[in-house]
Amino acid sequence: MSAGPVIRIHPGDNVVIARAQLLGGTVLADEGVTVSGLVPPGHKVATRAIAAGEPVRRYGQVIGTATQPIAPGQHVHTHNLAFSDFAREHADGVDAVPTAFEATPATFDGIVRADGRVATRNYIGVLTSVNCSATVARAIADQFRRDIRPEALADFPNVDGIVALTHGMGCATASDGEELRVLRRTLGGYARHPNFAAVLVVGLGCETNQIQGLIAQEGLQEGARLVTFSIQDSGGTAQTVARGVALIRQMLPEANRVTRQPVPASHLVVGLQCGGSDGYSGLSANPALGAAVDRLVRHGGTAILSETPEIYGGEHLLTRRAVSVEVADKLRARISWWEQYTARHAMRMDNNPSAGNKAGGLTTILEKSLGAIAKSGTTNLVDVVEFAQPVKAHGLVFMDTPGYDPVSATGQVAGGANLICFTTGRGSAYGCAPSPSLKFSTNTALWNRQAEDIDLNCGTVIDGAESVDAAGERIFRLMLDAASGRATKSEQHGYGQNEFVPWQLGAVM
């Protein structure tokens, strides 16, 4: 990729992307046009006349329709481009090819649990059945915070911490409804997660989400690794905190008896996220993450693509890579569900992108989705699962989630993700627990502003200093390092507990 003033993505595109801010009068020699007016970095410039009603193309795909005539060299954005639906060209499985697995798989230093599952971190978790027990759960975990009580875990260096994952749900909902089933599925996924050496589940006692209902639905086994109790049965909040602290002190010696050992990369399950996207996301960090995903799959690992509203309009590119018509149909069914879901709430799929996305150069959900899909690389789509369902297949899996990053990643971790990779163009301070989160910047300006929150800069691709594939190799190696215990930037800052956000699907009664 050259370092000229603009980036052409596809020969059939009628726009190019500004590599840096363009001033009126700038000549784009390779395109044969002169820029008219100011074009911000990451935004689009027309390379030929586009009539009103004519499709605008980026990545060789439709990203919307011109709402007025656009002259060559003009800025193309929300003032002259709008969402318009179009017929998808589904060709199920046409791009699916056998995976060429590596003869010698890469390894990382993981923690092997007694049942053979592999962890990337070693936490003790405090989960809540309902919002009413959230304060108590926080108080229990706070007794073991290394930043304010370093002595509490001084004798347990192999324990990464005690984390309280609280939420605002668990009551005022139907006792036999979908929302409660999904909440329990989410909590069950966390309770089973290999990154937890042990878990407490704390309830109030009278909530709709009764702990025994959670245990029964999810097939959980209470014992030394999973202890449940409630405030009402413990004699109040102070006694509940004391009980929780005492239980964790009993759990710590066993949790500390772990060691890391080399394990194949097939044990790595990576959740893919993008947040605060910009016009560069689909050109640098996202395709670089996709190149890393291709490597991960060749080494036997698993990647979870999610955020269904943010693949909308590009889902046909995924069904082309589906290993079967059944898998493609499952993805189309989730798209159809979302169209009905948004219609019920008087919303549209094009309510996304956000204000920050638009400021960074994205205009329609179609444009945003095409860039977001680049995170998945080129490998086959092997399965589609619903929110927080266990991911059992190896390879690229799609999980149906909202586009809201904390909710989406919560579902991925519940499904088994033991690492999150998160690209951002505007800047994100997202963290995750119990799975570490790596963040990648799409542009060097962001890296220079916010390097304390970013683990790797992919702006080098935009700068012309590095290829997408080379950046993908750096990301893959960083994945292995983080899975081996190297602290991510968000872990250094202590982020991760507030980002646990189960999907609230139904009405609050």
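1. Aromatic pairs. In this predicted model, the count of aromatic pairs comes to 10. One of them joins Tyr190 and Phe500 in an edge-to-face arrangement, with 4.8 Å from centre to centre and 75° between the planes. Tyr190 belongs to helix H2 (residues 178-192), whereas Phe500 sits in the segment after helix H15 (489-493), so the pair ties together parts that are 310 residues apart in sequence. Tyr190 is buried, its relative accessible area being 1%. Phe500 is buried as well, at 4%.

2. Lys330. Helix H8 spans residues 325-344 and also holds Lys330. When neighbours within four places in sequence are left aside, Lys330 is in contact with Asp383 and Val384. A further relation concerns Asp400, which is 70 residues from Lys330 in sequence, with a C-alpha to C-alpha separation of 10.0 Å in space.

3. Strand E22 and its burial. Strand E22 covers residues 437-441, and five of its five residues are buried, so the strand is largely enclosed by the rest of the structure. The side chains divide between two directions: Ser437, Lys439 and Ser441 point one way, and Leu438 and Phe440 point the other way. Residues on both faces are buried, Lys439 among them.

4. Pairing of E22 with its neighbours. On one part of the pairing, strand E21 (residues 419-424) is joined to E22 by five bridges, and the two run parallel. Within this pairing, Thr424 stands opposite Ser441 of E22. Strand E23 (residues 456-457) is joined to E22 by two bridges, again in parallel orientation. Phe440 has Leu456 as its bridge partner in E23. From E22 the chain passes through helix H12 (residues 444-450) to reach E23, and this β-α-β crossover is right-handed.

5. Overall architecture. The protein contains 15 helices and 23 strands. Its radius of gyration is 24 Å, close to the 23 Å given by the globule rule for 509 residues, so the protein is as compact as a globular protein of that length. The C-alpha trace spans about 75 × 45 × 45 Å along the principal axes.

6. Burial, contacts and surface. Of the 509 residues, 58% are buried. Among contacts between residues at least 6 apart in sequence, 70% join residues at least 24 apart. The accessible surface comes to about 19,100 Å², and carbon and sulfur atoms account for 52% of that surface.

Conventions
Residues numbered from 1 in each chain as written. Predicted model: local features only at pLDDT ≥ 70, side-chain atom pairs only at ≥ 80, totals over all residues. Heavy atoms only, no water. Buried < 20%, exposed > 50% of the residue type's maximum accessible area, 1.4 Å probe, protein only. Helix = DSSP H or I, 4+ residues; strand = E, 2+ residues; numbered from the N terminus. Pairing = 2+ DSSP bridges. Right-handed = clockwise from strand over helix to strand, strands pointing away. Contact = heavy atoms within 4.5 Å. Rg over C-alpha atoms; globule rule 2.2 N^0.38 Å. Areas by Shrake-Rupley, 256 points an atom, 1.4 Å probe, with all protein chains shown as cover. Phe/Tyr/Trp six-rings, centres within 6.5 Å; stacked < 30°, edge-to-face > 60°.
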